Amino acid sequence: MLMSRKSLSSARSFGKRSGQSSSALTAGQNATVIRTSNPVRKTAAAAPADDLAPDPAPNEGLPFPVVGVGASAGGFEAVMNLLKHLPVDTGMAFVVVLHLDPRHKSKLTELVARATAMPVHEIKDDMPVEPNRVYILPANLDVIIAQKTLKLVRRPESERLHMPIDHFFQSLAEEQGSRAIGVVLSGTGSDGTVGLLAIKAEAGITFAEDEASAKYFDMPRSAIDAGCVDAVMPPALAEELARIARHPFVRPSRARVKTPEQEFPESIYVTMLRSNPEELRSLFHDLLINVTGFFRDHSVYATLKKKVVPKIIKSKSGQGEIRVWVPGCATGEEVYSLAICLMEEVTRAKRNVKLQIFGTDLSEVAITKARTGIFSSSIAKDVSPERLRRFFSRLSGGSYQISRMIRDMCTFARQNICEDPPFSRLDLISCRNVLIYLGPELQRKCMPIFHYALNPGGYLLLGTSETVGTAADLFTLVDKKHKMYCRKATTPIPNLEFTSKGAASIKPELIWRETPARSESEPGLNIQKQADRILLAQYSPAGVIVDRHLRVHEFRGNTGRYLEHASGSASLNLLQMVRPSLIADLRTTIHKACKNRASARKDGAVFRFNGTPQEVNLQVIPLTVPPSSEIWLLILFDESNPSAGTEPKETRPAARRTGRTGAVRHDPGVVRLRAELDATKESLQAIIEEQEATNEELKSANEEIESSNEELQSTNEELETAKEELQSTNEELTTLNEELSNRNLEMAQINNDLTNLLSSINIPIAMVDNTLAVRRATPMAEKLFNLLPSDIGRRLSDFRANLSIDNLDNLIREVIDTLTTRESKVQDNQGRWYSLRIRPYRTGENKIDGAVITLVDIDEEQRRIARLELASQYNEAILETVREPLLVLDAELRVREASRSFYETFKLNRKKIENIPIYELANGQWDIPELRELLEEVLPKNRRFENFRIERAFPRLGRRTWLVNACRLERKGERLVLLALEDITFAPKARPAPTPATG
């Protein structure tokens, strides 16, 4: 039940943690474990309410809950869906932190405003937070919440991983405490996990998106695996937030009067715990705070490597072993951090020393995770790249795992440090920020255990808010700032009692307030105790027990005659409560007892009670409570008179000084005055001694302040120098920025020119990079390759081009590899011809960065060539089929071709007459001046002639008569002469004379 477990912050409030720990005790087995006044969290009925420390002051944040919503760019739809289903009057403020591109201005505010009726604001610096509003993080900035306002901070450039969600969630936890709500939606990486851990540590409420609805589940999975998510429940998250907003603990009535409906009685929760073991286990695990990190507080590890680790390594000889114990190790980050730190120092010292680190905790879930050693990618913020490379291995999901070498050094176990036996022969114990969650009794119990577990000269490391307390006689302070202590060589403390029940059997148990105390086995003991109480009450003198600061810790008997509360602020200081007339005597007696470390007594101290002077004997007895060496004072007010006949010691010195032993001795006024004078002198002397001691301390403090002042002056000078360097750097950056601005303007102009040039060219041109992805394309190329403007950046082979070419990718790769130009003729789907030319793309530095594809339209030329080829084929067919002898002569009247009829008629060989002038054929029978004159005018003057008569005797034929016809012929761009012969030797009648004709 989510509401019963997390929305009741009054039943589950934790103090702020400054470091790493997990509560080292089991709920239900130890008294005064948790510092709270709520009975639900009391862990032993026998512990009185006065023994429990008061609740810490709540965080002074906003009076209403603030919901932080984190997602990456892929979680935009999830954010919109969440805000769309939220009511307008939840009484909560919502801060949306998304991973945005820092180079572009975000329009997220306008988009979110369409999804919700709540006012949506883009965050400005120092913007106040109001309920029922949505705040959007702008691009290239981070946001934190502090002092009830949202503050923008610059995005850190030095971070290897940018974690804006973690930054905001951590500030939200610190500012709002239990009124903080964290929501992690869809996204990649692990941003938000550390922030949700911080919110959970402050008893806030945490949510994550489920895998079914998340577009990217990496961020929610990282938070869920870390164990810091209360519920995995979108898309019903909006309804759950609305239900939490309606709860009376979240939104109390305006009258501020708790009605029965608004109360959540403890009996209801206790009844639920009694009947629901699962809720009891959940409460137990909620009490264990598993918040930790790698190398948390780097200065602590730097001091360890400087002051502690070298001494430990030096103390080991031969095949020694360094043993370390980390109580409350949570998920093991500190254990592995110490292992890495020790390994580095051992390697640097070149010593063959074995390392053994023990990590213990009550949470079995945390111990199981620590053993696996698998952590999210967010650890890269705290672990240097060198350490990641040396001591971690990267897994497929992006997470890191500790190397096997380090895991073998570390042993994890479940343990209760106050009930189970500790590890022994240890060189170092790191118990950081565990003791702050234990009561004084348990803290005092832990110190002897640590002393027992450490070797002589071993070291104890505590958190910044912790000390050894009353165990100062067991440890010596080594480093005050980082709370490092060294074990003193004192006698081991006896009687270290541990339970016989093993740590593995620890289970959460509920112990009721109404559990009766253990009855005594013998009735006589009760009678004896009752009698002792009566004697102490009626016959023992009244008194108080104070510490060394004179604060009253216990009143014994009736002290009302001697002590009263003064008007003004309440105080338990003894000197402010005692009767004014007893202050001097009491101060002197206390000073004497503390100075001599022995009991001191002052008889006959006079005071007034109800206007009547009375006398009382003051006795101050110093005492200590082993094993602590702290001094306590028992101050008794005894009204019993001195024995009869005994002369008060105050009167003897006075009598000797005056010499009058008679009247003066029996004068009570003089005796009283002299006694008061002596007491005043002693009090004055005590005040002088205290003042001198105080002056010495002030002188020492003044010297330290002067030294600090000199250091501050030196630091100030360094800061001034750094400021000048920063100003110089700023000027250089300003100049560089101007140059870059000018370059950007020039580049923009060149880009515009190039865009217009490509748009105006009516030639298909496409540019690709080395991966064959499209870089630019002209409009004609977009049509041929079926490209859209949005397809820039995709591979050219992903598109089905309108060209009949199959190996375009291979041609482009060949051009890029060989740096040669390739040309070929291709056709589009309509049969149009193009000349495809592919050239290498060269940069200004003469580097090859792709290829340029150009297509030139050659359709007309190709069609003309086709027509000429067709005509040539037609002519050749005519020459082969015509019956008359035909000759084709070139411009020099050489035989280019002849018909089959010519070869057969004149009995000639084709190879013997080609390229031979016509005048040399048939032994010069064709060398006729008139024919030569006619043929030489055919080509230049484009003339033709017909029926030119030749009568000659031809070899192998005899005498024949021929009619010659000639005309000009063009084929494949060349001018030729076509000569036709007609045999009229056997014709019935003669033909007409030749009549040359022009074409």
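1. Aspartate 408 and arginine 404 form a salt bridge, with their closest N and O atoms 3.7 Å apart; the term denotes a side-chain nitrogen of Lys or Arg within 4 Å of a carboxyl oxygen of Asp or Glu. Both residues belong to helix 14 (residues 404-409) and are 4 residues apart, about one turn of the helix. Helices (H or I, at least four residues) and strands (E, at least two) are DSSP runs, numbered from the N terminus. Aspartate 408 counts as exposed because its relative accessibility is 51%, and arginine 404 counts as exposed at 53%. Here buried means under 20% relative accessible area, exposed over 50%, and partly exposed in between (1.4 Å probe, protein chains only).

2. On provenance, this is a predicted model, in which local features need pLDDT of at least 70 and side-chain atom pairs count only at pLDDT 80 or more, while totals for chains, interfaces and linings use all residues. Residues are numbered from 1 along each chain as its sequence is written, and side-chain values use heavy atoms, with hydrogens and water left out.

3. The search of the whole structure finds 35 salt bridges. One of them joins the side chains of aspartate 479 and lysine 307 (2.8 Å, N to O). Since aspartate 479 lies in strand 19 and lysine 307 in helix 10 (residues 298-315), the pair ties together parts that are 172 residues apart in sequence. Aspartate 479 is classed as buried, at 9% relative accessibility, whereas lysine 307 is classed as partly exposed, at 32%.

4. A further salt bridge is formed by the side chains of arginine 387 and glutamate 344 (2.8 Å, N to O). This pair links distant parts of the chain, with arginine 387 in helix 13 (residues 385-391) and glutamate 344 in helix 11, 43 residues apart. Both arginine 387 and glutamate 344 are buried. The two residues also belong to a network of salt bridges that links Lys305, Glu344, Glu345, Arg348 and Arg387.

5. Side chains of opposite charge can pair when their charged atoms come close. Aspartate 585, however, is buried yet has no salt bridge, and the nearest side chain of opposite charge, that of lysine 602, is 4.4 Å away. For this assignment Lys and Arg count as positive and Asp and Glu as negative, while His and the chain ends are not counted. Residues up to four places away in sequence aside, aspartate 585 touches Lys602, Ala605, Val606, Leu618 and Ala679, where contact means heavy atoms within 4.5 Å.

6. Strand 11 (321-327) is largely enclosed by the rest of the structure, because 6 of its 7 residues are buried. Strand 11 pairs with strand 12 (residues 354-361) in the parallel sense over 7 bridges; pairing requires that DSSP find at least two bridges between two strands. Within this pairing, valine 324 stands opposite isoleucine 357 of strand 12. From strand 11 the chain passes through helix 11 (residues 333-349) to strand 12 in a right-handed β-α-β crossover; right-handed means that, with the strands pointing away from the viewer, the path from the first strand over the helix to the second runs clockwise. Strand 11 also pairs in the parallel sense with strand 17, over 2 bridges, and leucine 428 in strand 17 is the bridge partner of valine 324.

7. Helix 15 (residues 440-453) has 14 residues and should span 20 Å at 1.5 Å a residue, which agrees with its end C-alpha atoms being 20 Å apart. The expected span is 1.5 Å times one less than the number of residues. Its buried residues are Leu442, Cys446, Met447, Pro448, Ile449, Phe450, His451 and Ala453. Their cover includes strand 11, strand 17 (426-431), strand 18 (454-462), strand 19 (475-479) and strand 20 (484-487).

8. Three strands form an open sheet in the order 13-15-14, with antiparallel pairing. Strand 13 (374-375) and strand 14 (392-394) stand at the edges, each with a single partner strand, so one side of each is left without a neighbour in the sheet. Strand 14 and strand 15 (residues 400-402) run antiparallel and are joined by 3 bridges; serine 393 has glutamine 401 of strand 15 as its bridge partner.

9. Helix 5 (residues 193-201) is largely enclosed by the rest of the structure, because 8 of its 9 residues are buried. Among them are Leu196, Leu197, Ile199 and Lys200. Alanine 203, which follows helix 5, has a positive phi, near 65 degrees.
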